[in-house]
Amino acid sequence: MRYDSDLIYRPPGEWKSYLLQCTIGCSHNKCTFCAMYKEKQFRVRPLEEILEDIDMARDYYGPGVERVFLMDGDAIVMKTEQLLKILEKLYHNFPNLQKVTTYAGPKSTLSKSMAELKELRAAGLTRAYLGVESGSDAVLTAINKGCTAAQMLKAGQNLVEAGIDLWAILILGLTGQDGDWEEHVLSSAKMINEMKPRHLSAMTFAPAKGTQLGEDVLAGRFKVCTPDHILEECRVLIEHLDVDPLHFTSNHASNYLPLKGGLPEDREKFLQLIDQALEGKIGLRKTLNRGI
């Protein structure tokens, strides 16, 4: 398959998916914490190339592909008619295809009407991963997310209303040691409760080389939260989530204490594990090192 570079990113759960590059980079690409697409200038690949890639994938993998992830950072930004042609080609070439998923940017999602989102779902766009990061306007502004909390909430709600399986992502530790972390966590829980995704991942901020926040860490302007602090944030988050059912994960490479299960049924188990970790009864793992 053809990719613009060796820098390929996908959600952890898409490790079995055929990765189809529809866009190069991220349409926003200004978040202060993210280094994933800093070296890429955003553009949409020509539709003809994408359709050719699908034929190449059929020749290489055969007809048995069951999952496809649309790369790079925000394939939903593409014109709806282009996405529909891509979905049609995918399901034609792979008769066993069960899921087609993508990252979704909040502004890109809001640019589509509800009719368009429902049309994409009917055509087989089954899941969208939304980097919510925080429910706090202050935090979203600080990390230059490019949208307000109200816009983020609406984007998530629109995806859910359209019938697309929503996987939301939050980042613990985004305020640093000196910020208002309680406002960050409580507003995030409130947003998730109103958004009602089917899945939620709580990752941990890890400074990345070449980003504004990474430079702030090196300069001493931003103090990375301690492991115990992150556990406290995770505990407060879990205590205040009331989406039912909610598939919850906090087992990314950035997380000190891996958690995976369902809410509300696993709430007490999660809280007990966090308490045991805070008491030193459970060892914490080393987290993702991104070069800072």
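Predicted model: local features only at pLDDT ≥ 70, side-chain atom pairs only at ≥ 80, totals over all residues.

Colleague: Is Val160 buried or exposed, or does it fall in between?

Modeller: Buried means under 20% relative accessible area and exposed means over 50%. Val160 has a relative accessible area of 31%, so it is partly exposed.

Colleague: Which residues does Val160 touch, not counting those up to four places away in sequence?

Modeller: Val160 touches Leu166, Met195, Lys196 and Pro197. Leu257, by contrast, is 97 residues from Val160 in sequence and 29 Å from it in space, C-alpha to C-alpha.

Colleague: Lys196 is among those contacts. Where is Lys196 found?

Modeller: Lys196 is found in the loop between H7 and S8, just after H7. As a general idea, most residues other than glycine have a negative phi. Lys196 is not a glycine, yet its phi is positive, at about 60 degrees.

Colleague: Which other residue has a positive phi without being glycine?

Modeller: Asn144 has a phi near 55 degrees. Asn144 lies in the loop between H5 and H6, and its relative accessibility of 33% makes it partly exposed.

Colleague: Which residues of H7 are buried, and what do they pack against?

Modeller: The buried residues of H7 are His184, Val185, Ser187, Ser188, Ala189, Met191, Ile192, Asn193 and Met195. They pack against strands S6 (127-133), S7 (165-172) and S8 (199-204). They also pack against helices H5 (137-142), H6 (149-161) and H9 (227-240).

Colleague: How does one read an aromatic pair?

Modeller: A pair of aromatic rings is described by the distance of the centres and the angle of the planes. The structure holds 10 aromatic pairs. One of them joins Tyr18 and Phe94, with 6.3 Å centre to centre and 65 degrees between the planes, an edge-to-face arrangement.

Colleague: Why does the pair of Tyr18 and Phe94 tie together parts that are apart in sequence?

Modeller: Tyr18 lies in strand S1 (residues 18-21) and Phe94 in the loop between helix H2 (80-93) and strand S5 (99-104), so the pair ties together parts that are 76 residues apart in sequence. Both Tyr18 and Phe94 are buried. Ring pairs also link Tyr18, Tyr60, Tyr61 and Phe94 into a cluster.

Colleague: What is the arrangement of the rings of Phe248 and Phe270?

Modeller: Their centres are 5.7 Å apart and their planes stand at 45 degrees, so the pair is tilted. It links distant parts of the chain, with Phe248 in strand S9 (residues 246-249) and Phe270 in helix H10 (residues 267-278), 22 residues apart. Both Phe248 and Phe270 are buried.

Colleague: Helix H10 also holds Gln272. How is the accessibility of Gln272 to be read?

Modeller: Gln272 has 47% relative accessibility, so it counts as partly exposed. Gln272 and Thr141 are 131 residues apart in sequence and 34 Å apart in space, C-alpha to C-alpha.

Colleague: What should I look for in the peptide bonds?

Modeller: In general, most peptide bonds are trans. Here a cis bond joins Met71 and Asp72, with omega at about -5 degrees. Asp72 is placed in the loop between strand S4 (67-71) and H2. The bond from Leu263 to Pro264 is also cis, with omega near 10 degrees. Pro264 lies in the loop between strand S10 (260-263) and H10.

Colleague: Finally, how many cavities of 30 Å³ or more are there, and what lines the largest cavity?

Modeller: The count comes to 3 cavities of 30 Å³ or more, and the largest cavity has about 60 Å³ of space. Its lining consists of Leu172, Thr204, Ile230, Leu231, Cys234, Ser250, Asn255, Tyr256, Leu257 and Leu259. H9 gives the most to this lining, with 3 residues. By class, the lining has 7 nonpolar, 3 polar and no charged residues.

Definitions and conventions:
Residues numbered from 1 in each chain as written. Heavy atoms only, no water. Phe/Tyr/Trp six-rings, centres within 6.5 Å; stacked < 30°, edge-to-face > 60°. Helix = DSSP H or I, 4+ residues; strand = E, 2+ residues; numbered from the N terminus. Buried < 20%, exposed > 50% of the residue type's maximum accessible area, 1.4 Å probe, protein only. Contact = heavy atoms within 4.5 Å. 1 Å grid on protein atoms, 1.4 Å probe; cavity = no way out; pocket = protein on both sides within 12 Å on 5 of 7 lines; lining within 4 Å. Points joined across faces, edges and corners; volume = space filled by probe spheres on them. Nonpolar A, V, L, I, M, F, W, Y, C, P; charged D, E, K, R; others polar.
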